[in-house]
Amino acid sequence: MPRNTALFERASQTIPGGVNSPVRAFRSVGGVPRFIERANGPYVWDAQGTRYTDYVGSWGPAILGHAHPEVIKAVQDAAVNGLSFGAPTEAEIEIAEALVARLPSIEKVRLVSSGTEATMSAIRLARGYTKRPKIIKFEGCYHGHADSLLVKAGSGMLTFGNPTSAGVPPEFIQHTLVLDFNNIDAVEAAFNAHGDELACIIVEPIAGNMNLVRPQPGFLEALRQLCTKHGALLIFDEVMTGFRVGPQGVQGLTGVKPDITTLAKVIGGGMPVGAFGGRADIMEYVAPLGPVYQAGTLSGNPVAVAAGLVTLKLLSEPGFYDRLEAQTRKLADGLAERAENAGIPFSADYVGGMFGLYFRERIPTTLAEVSECDIELFKKFFHAMLIKGIYFAPSAFEAGFVSATHDDDVINATLDAAEEVFAKL
Ligand SMILES: Cc1ncc(COP(=O)(O)O)c(C=O)c1O
Ligand SMILES: NCC(=O)CCC(=O)O
């Protein structure tokens, strides 16, 4: 029996579905998940010794490429001094200062250990600050797995066709209004109906959990305006886009300033770090200063923070994002060109180090349009590329990621493989 299969069978005995996060299972594309043994730069190697060019990048964090020597060294150096203290450290100040210096919307920031914790805490803070119960989220956006956000969500929930989780009593989500991404009229109507009850809007300002969907011109600006007008807070969930689409996330690209930003993935450099931050008067509602409780045994963990700090430093090198985006563009445009040559209905989009692939003639602007993509064709493409050693996300509803180590040779090899695959789809 191939070793991946043996490991999957063994894993399935003791771990639900054999995986510790559902998106890792190949359930929507079929087949056996690859069990990864090691990774370096743009590559991962599975338990059978097969090398794959990786466009998942740990679902976003691996922006410098896997096992970047400076990040590994920082982790090793920090580990020698102890793994966790449950008391403050100077490195936590440094990473807070780094985030505040880079994102003008953040005046104060609290560290947590995952994106889920960041969004869950940000929602609680928005409700505590405004003293209002209701929140707006958008269908197909995924904000982690806190109860009030597991409604018509993206990522694995969309992939597996179960967008609202069981185990969440209706009472827990009665205050969550779910609207269509990029539909300003619907947001206006919601504010007209519930304006004085709405604590916040939470949005992926570039959606990356229903494949990649950009905000249409004016959408984020309208969200900002409506929140300001009605006294609600605007939360940008930049867990995926933060330091991924550019040096200041989507807020830097668009100039739209949220009240609270959530971060994770890249800011931990592959270690568990999340954060939520924003205006000082809002952040001062958080315990111990304010009445909104929020805590964590491992929050600001010294080893994780060390990885995050050196990652942020390396991302600040001049031209980093120009180079990253140039590589992502080569991949996206190159795939689109080769698909067109083969007569395959396909389009691709990208921002910074993040991309979307769509088996559809035109780039989608709504979840409804994403849902028109040819999933069967995607599955064939996914498996044919995997056989050629190219690892894309095992879902038609996820964004992909390029790292600083995806150089021309790596991208060209992917394009050559895609040319052969498209010709036989
Ligand atoms: C936009 C967004 N928010 C929140 C999350 C949750 O983060 P985590 O998986 O670290 O809990 C994710 C990814 O999982 C995400 O993409
Ligand atoms: N876009 C999907 C994710 O980022 C989620 C990763 C996970 O839940 O393991």
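Ala, Val, Leu, Ile, Met, Phe, Trp, Tyr, Cys and Pro count here as nonpolar, Asp, Glu, Lys and Arg as charged, and the others, Gly among them, as polar. With these classes, the shell around ligand 2 divides into 2 nonpolar, 4 polar and 1 charged residues. The model described here is predicted.

## Ligand surroundings

The residues that surround ligand 2 are Ser21, Val23, Trp59, Gly60, Ser155, Asn209 and Glu398. Val23 and Trp59 belong to this shell and fall in the nonpolar class. Glu398, also in the shell, falls in the charged class.

Ligand 1 is surrounded by 14 residues, and the closest of them are Ser114, Gly115, Thr116, Gly144 and Val239. By class, the shell around ligand 1 has 4 nonpolar, 8 polar and 2 charged residues. Which helix gives the most to the shell around ligand 1? Helix H4, residues 115-130, does, with 3 residues.

The contact between them takes 31 residues from domain 1 and 35 residues from domain 2.

On the side of domain 1 that touches domain 2, the elements giving two or more residues are helix H12 (320-341), strand S11 (347-351), strand S12 (354-358) and helix H13 (367-370). Strand S12 gives the most to this side, with 4 residues. The residues on this side of domain 1 divide into 19 nonpolar, 9 polar and 3 charged.

## Helix packing

Two packed helices are described by the angle between their axes and the distance between the axes.

| Helix pair | Angle between axes | Distance between axes |
|---|---|---|
| H14 and H15 | roughly 130 degrees | within 10 Å |
| H12 and H15 | about 20 degrees | 9 Å |
| H7 and H8 | roughly 10 degrees | within 10 Å |

Helix H14 covers residues 375-387 and helix H15 covers residues 408-424. Angles under 35 degrees count as roughly parallel, over 145 as roughly antiparallel, 65 to 115 as roughly perpendicular and the rest as oblique. The axes of H14 and H15 cross at roughly 130 degrees, so the two helices are oblique to each other. Their crossing is right-handed. In this pair, Phe381, Ala384 and Met385 of H14 meet Ala417, Ala418 and Val421 of H15. The contact of H14 with H15 has 6 nonpolar residues, no polar and no charged.

Helix H15 also packs with H12, at an angle of about 20 degrees. H12 and H15 are therefore roughly parallel to each other, and the crossing of this pair is right-handed. From H12, the residues Gln327, Lys330, Leu331, Gly334, Leu335, Arg338 and Ala339 take part, meeting Ile411, Thr414, Leu415, Ala418, Glu419 and Phe422 of H15. The contact of H12 with H15 divides into 7 nonpolar, 3 polar and 3 charged residues. Ala418 of H15 is listed in the contact with H14 and in the contact with H12.

Helix H7 covers residues 184-194, and helix H8 covers residues 219-230. Their axes cross at roughly 10 degrees, so H7 and H8 are roughly parallel to each other. Ile184, Val187, Glu188 and Phe191 in H7 meet Phe219, Ala222, Leu223, Leu226 and His230 in H8. This contact has 7 nonpolar, 1 polar and 1 charged residues.

## Backbone details in two loops

Is the peptide bond from alanine 287 to proline 288 cis or trans? The bond is cis, with omega near 10 degrees. Proline 288 sits in the loop between helix H10 (280-283) and helix H11 (302-315).

Lysine 152 has a phi near 40 degrees, a positive value in a residue other than glycine. The loop that holds lysine 152 runs between strand S5 (134-138) and helix H5 (156-159).

Key. Residues numbered from 1 in each chain as written. Chains lettered and ligands numbered in written order. Predicted model: local features only at pLDDT ≥ 70, side-chain atom pairs only at ≥ 80, totals over all residues. Near = placed C-beta within 6 Å. Contact = placed C-beta atoms within 7 Å. Axes fitted to C-alpha atoms, helices over the stretch in contact; angles between N-to-C directions. Left-handed = near helix turned anticlockwise from the far one by under 90°.
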